[in-house]
Amino acid sequence: MTAMRRALEFLFTRLLRSRLGIALGIGILVVGAVGTARLVSGPGDPTSGLSNRPSQPITTVDPAAGDDGVVGSTTPPTPSTRPGTPTPEQIADRFTATWLSGRGDSADEWHAALRPLSTPELTEKLAGADPSGVPAERTTGEASLRLRTGTFVEVLVPLDTGRLRLELVAPDGKWLVDAVDWERA
């Protein structure tokens, strides 16, 4: 019996008090807890027991309410124009004609002609632009208007060497070009 007693003493004093023994004990406790929780929760239903998944989808908006985004709007916005001022199409046509006709003008004349059609921000951005660098000479079709909001539209103008994209804004009902972009064909 003394040999058995020594073996048990060795097991409890040396092995179980070592790092390996402690890790083995913690592992047995974790496996036991998980096994018990699975047995208690029962088979088949993954939303019960230790799972934190909801049984129904989480919604922040009533699913029957429809889309509340601007893009999904069923009624297109109409551009709001102050009475007596040009429409966005007219401003885009005037800006395009002035932008294209700048080749023969001096830079100062060209900038002066674009200024009443542009926002102060765009006028500042165009300050160093040279009219001889305009990459097109004429329009090749009708401009198309894309309504974004009542005070923001995008106009695409087909030109002989590409397409001119203008962004127009009208915070107070007076339309002005706020951005110019050129896309080569």
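A salt bridge here is a side-chain nitrogen of Lys or Arg within 4 Å of a carboxyl oxygen of Asp or Glu. Keep that cut-off at hand for the first stops, and bear in mind that the model is predicted. Searching the whole structure turns up six salt bridges.

**Stop 1: R165 and its partners**

Select R165 and E167. Their closest N and O atoms are 2.6 Å apart, and the two residues form a salt bridge. R165 has 18% relative accessibility; it counts as buried because the limit for that class is under 20%.

D181 is partly exposed, at a relative accessible area of 31%.

**Stop 2: E183 and R163**

Stay on the two strands and select E183 with R163. A salt bridge forms between them, with 2.7 Å separating the closest N and O atoms. Here too distant parts of the chain are linked: E183 lies in strand β4 (residues 176-184) and R163 in strand β3 (residues 162-169), 20 residues apart. How accessible is E183, by relative area? The value is 28%, so E183 is classed as partly exposed. R163, at 32% relative accessibility, counts as partly exposed as well.

**Stop 3: the cavity**

Next, select H111, L114, R115, S118, T123 and L126, and show their side chains. These residues line the largest cavity. How much space lies in that cavity? About 30 Å³. The count of cavities of 30 Å³ or more comes to one. By type, the lining divides into two nonpolar residues, three polar and one charged. L114 and L126 are the nonpolar members, and R115 is the charged one.

**Stop 4: a nonpolar patch**

Finally, switch to a surface view and select I22, I26, V30 and V34. Together they make a nonpolar surface patch of about 340 Å².

Technical notes
Residues numbered from 1 in each chain as written. Predicted model: local features only at pLDDT ≥ 70, side-chain atom pairs only at ≥ 80, totals over all residues. Heavy atoms only, no water. Patch = residues over 30% accessible without salt bridge, like charges linked within 9 Å, V, L, I, M, F, W, Y side chains within 5 Å. Areas by Shrake-Rupley, 256 points an atom, 1.4 Å probe, with all protein chains shown as cover. 1 Å grid on protein atoms, 1.4 Å probe; cavity = no way out; pocket = protein on both sides within 12 Å on 5 of 7 lines; lining within 4 Å. Points joined across faces, edges and corners; volume = space filled by probe spheres on them. Helix = DSSP H or I, 4+ residues; strand = E, 2+ residues; numbered from the N terminus. Buried < 20%, exposed > 50% of the residue type's maximum accessible area, 1.4 Å probe, protein only.
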